[in-house]
Protein chains: 2
Amino acid sequence: MSRACYAELLKLLREAATFSSVAELLAWDQETTMPPRAGAFRAEAKGLISATAHRRATDPRVGELIAACEADAEISGDPLAAANLREIRRDHDRAVRLPVELIAEISETDSRALEAWRAAREASDYALFLPWMEKQIALNRRKAECWGAPEGGDLYDALLEDFEPGTTGAELASVFGPLRAALTPLVEALAASPHGPSREPFRVAVPVGKQKRFNRELLRHLGFDTRAGRMDVSTHPFSTSLGPADTRITSRYTRDGFLDSLGTTLHETGHALYEQGLPKEEHFGLPLGQPMGLGIHESQSRLWENHVGRSRAFCEWVLPRLQRAFGSALRSRTVDELYGAVNEVRPNLIRVESDEATYHAHIVLRFDLERAMILDHLRPADLPAAWNERVRRDLGLDVPNDRVGCMQDVHWSMGAFGYFPTYTLGSLYAAQLWEALRGAVPDVDARLARGEFDAVLDWLRENVHAHGRRWPARELCRRVTGGALSHEPLMRHLEGKLRPLYRIDVPARK
Amino acid sequence: MSRACYAELLKLLREAATFSSVAELLAWDQETTMPPRAGAFRAEAKGLISATAHRRATDPRVGELIAACEADAEISGDPLAAANLREIRRDHDRAVRLPVELIAEISETDSRALEAWRAAREASDYALFLPWMEKQIALNRRKAECWGAPEGGDLYDALLEDFEPGTTGAELASVFGPLRAALTPLVEALAASPHGPSREPFRVAVPVGKQKRFNRELLRHLGFDTRAGRMDVSTHPFSTSLGPADTRITSRYTRDGFLDSLGTTLHETGHALYEQGLPKEEHFGLPLGQPMGLGIHESQSRLWENHVGRSRAFCEWVLPRLQRAFGSALRSRTVDELYGAVNEVRPNLIRVESDEATYHAHIVLRFDLERAMILDHLRPADLPAAWNERVRRDLGLDVPNDRVGCMQDVHWSMGAFGYFPTYTLGSLYAAQLWEALRGAVPDVDARLARGEFDAVLDWLRENVHAHGRRWPARELCRRVTGGALSHEPLMRHLEGKLRPLYRIDVPARK
């Protein structure tokens, strides 16, 4: 592509992306490093940099250049440039459709609603938060109206586009429904089994310094390039990318929770390996260098956390290393015990403390309820009752208060509707990708047991990471796995692992 | 000030300063945290943010608003607003006088010359660096011509304005000359004394973790607000300010160099206490909230490092604490030994490894030589010979090669001419301020010996920190100490301390 309009467009977008990456550094620093009193000015600085990034991306010149490129046969004839251009057009149209006043109102509401949520959650008083919930839903509807529903779709679909481009609520419902139908009886059967494994034998005291060293060593072993990234500590673990060669993750540690930190590190490393695998040197700031939505991003973290990290083969490899690093407390533990411990299923009121299986009951109910609220089928005032009813039915638990019920998560207070389903999408894509990967690397278990992770990473790099936003997630899934998104690979994975562990007969499934 | 033009001006300048503070965070992160491969993109991001800050500060609208404010009697009648406005005008005029092409050429030359300097220093081959030295001098002359020499002054004065506003080379020469004349015989006499103290007894192994904890505790004790700042580790210690309540310093550690780290922490804490004492909540991004030049900034670091940290009283307070923290290796050490150790004088070829006294021989020779080069009295090709000659005369040392000679410092390679003298200015102002402080707080020694640092900090806050850039350094000095800048307080401090320590008779001085 030597066309001047394309070159100028790329330059402007690279600048906008550079401002965004600086905003990411401001946020990373705030979570890991910043002294407490610096918060107010940091908010101001983040606002200024983000607004500058937005202004650059929505500059009228960008619109002119996109139109000029679209009219140029040479550019639209180049498949990579055409893919970039299609996504640039999509981002630009969405960005310019939001009026500046609405953006400002959203931004202010987000921070005030977040504060209100904190206070209401603390007091476990949903009534305090209700006006903000109503306001956030109203604002999200307005936002969705500006963007416009996709053809044949609704306002929820317009919101979903922000997190999972090319996917609709109806499509999600058609996969989440069967998932829920299959999951509920499995969870019930597991809960009824007297033979479940336990995490308890691994709740041993390990100094945090030793855990940090172990996790740092582990992420290098998985393939994380520490010359192009780092790992720190924060209250809420996260992964972020600050530029072409600067991917940072965090984990958190408690003295007797090394298994939790290990899982967190595997999860965040999965996100980071995706970021490090994107072709950013070539396409920084452009769709081809960017991750394909949250679902695929989450699929990468869950593939490493659940399909690698919770496999028997990984337990074989990691246990002797844990024993060497952490000493006597683990000396008599066996691989079977570790494999059981990381696969314990125990319904929990709290989503982020849930296991690999019951987690999805949490997500499906959030998806159903947020979609109903956005589409005006459920009044925000009726949320707690609807929530508690679903938790009873799907998880068999009673919700004692809204603090551990419908106010446990931060997402809605920050105005994020359409975000939750991407967590389960991540697990669905991970399971589907893992089946394809097993086909391509038949001896993957033997490799994991020897601590050889490169075959897994190479396969993901080639089949997922290298493509950036070239294809929507659905299309990527079909190209790589040969099939449409389905609940079946995830259920096969869970049933195949959990029924033997809990000594439950495998029923005949359709 | 309720005038709309003043309010709008302050808003624009606050935004420009916010961009600058973000550039500072990018730099801080690069020095302390950033993964190595992220360097190229970081340079791009820093360039973009700095250019944005510059464009904001030099926006034509800023010039219009300054003129409108200057024409407004209400604003010029308010002493604080008038002081802000005077300095805003000064900064603006200097900034807009540099053509954009020159700024770009300077920026590119700086990074290429820095690279060339690294390679030339490594090879100890000045000839490799000479073309870049010539280029930097030519560029600095062009820059100085754009700014214009102050009335009755020369091009070097124009450069000096960037680091030490309101001071001229002639003025510096009139103080540095007598300083050199008094210092050289003192250094000779100290070198001839057989009774000098030694740092050796304190070169004991202390784990770096313990040192870090001690230094962190120390800076809190000195009055550093850790809720509005932090201390980290970097190769070259520095202090930086990232906003109204975010001042960060770094130190560095070696296993057997805890005294060095202690001195570094005192020094950087001095810088940080100044930043934390500036009225930034009220005047962020405005001259009244900014430090008054590098000389005063350095005076704060040196006052804490040398007048507090190298005093007998501080040694009395700190030794038992060191013994408690670092254990047996220091058990039999005495206060006299510590006081001697921190005041050892030993001419060194390397500026940054020099002691409190011989350090100034380094600075005065750099000042003389850089001024001569800028004013075309010394050809850059003749620098090594001139340098070596001066080191022989003023420090009694032979320079074996340019690596430890005229290529030891980074400053000239980065195009900073007029920076070096501010180091000695710092010591001169520190000594002069310290005499005034002793007058106001007569029992300061007793307080230091008890570890009560608040009287020192309060006096500095009230007399120096609170004023920001309200008065030029010379004027501030006169207001606070009652006298003009002079070499005498520093010489009184050095002679009064070092002659007894080295058992040299005090000669009659004029």
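Strands here are DSSP runs of E with at least two residues, helices are runs of H or I with at least four residues, and both are numbered from the N terminus. The model is predicted, so local features need pLDDT of at least 70 and side-chain atom pairs count only at pLDDT 80 or more, while totals for chains, interfaces and linings use all residues. Residues are numbered from 1 along each chain as its sequence is written, chains are lettered from A and ligands numbered from 1 in the order in which they are written, and side-chain values use heavy atoms, with hydrogens and water left out.

**The sheet in each chain**

Strand 2 of chain B pairs with strand 3 (residues 247–251) of chain B in the antiparallel sense, over 3 bridges; two strands pair if DSSP finds at least two bridges between them. Both belong to an open sheet of 3 strands in chain B, ordered 1-3-2 with mixed pairing. Strand 1 (229–233) and strand 2 (239–241) of chain B are its edge strands, each pairing on one side only. From one strand to the next, the twist averages 20 degrees.

Turning to chain A, we find an open sheet of 3 strands in the order 1-3-2, again with mixed pairing. Its edges are strand 1 (229–233) and strand 2 (239–241) of chain A. Strand 1 of chain A runs parallel to strand 3 (residues 247–251) of chain A, and 5 bridges join them. In this sheet, Arg230(A) stands opposite Arg248(A) of strand 3 of chain A. Helix 11 (residues 258–277) of chain A packs on the sheet and touches strand 1, strand 2 and strand 3 of chain A; its direction makes about 170 degrees with that of strand 3 of chain A. Contact means heavy atoms within 4.5 Å, and angles run from 0 to 180 degrees between N-to-C directions, with axes fitted as lines to C-alpha atoms, for helices over the stretch in contact.

| Helix pair | Angle | Axis separation |
|---|---|---|
| Helix 16 (residues 359–374) of chain A and helix 17 (residues 383–395) of chain A | about 150 degrees | 10 Å |
| Helix 1 (residues 4–32) of chain A and helix 1 (residues 4–32) of chain B | about 70 degrees | 11 Å |

Helix 1 of chain A is therefore roughly perpendicular to helix 1 of chain B. Angles under 35 degrees count as roughly parallel, over 145 as roughly antiparallel, 65 to 115 as roughly perpendicular and the rest as oblique. The residues in contact include Phe19(A) and Trp28(A) of helix 1 of chain A, and Phe19(B) and Trp28(B) of helix 1 of chain B. By class, this contact of helix 1 of chain A with helix 1 of chain B has 10 nonpolar, no polar and 2 charged residues. Here Ala, Val, Leu, Ile, Met, Phe, Trp, Tyr, Cys and Pro count as nonpolar, Asp, Glu, Lys and Arg as charged, and the others, Gly among them, as polar.

Within chain A, helix 16 and helix 17 are roughly antiparallel to each other. Among the residues making their contact are Leu365(A) and Leu369(A) of helix 16 of chain A, and Trp387(A) and Val391(A) of helix 17 of chain A.

**How the chains are related**

Chain A can be laid on chain B with an RMSD of 0.0 Å by a turn of 180 degrees and a shift of 0.0 Å along the axis. That is the relation of a two-fold axis. Copies are superposed by least squares on the C-alpha atoms of residues with pLDDT of at least 70 in both. The copies meet through the same surface, because 100% of the interface residues of chain A are also interface residues in chain B.
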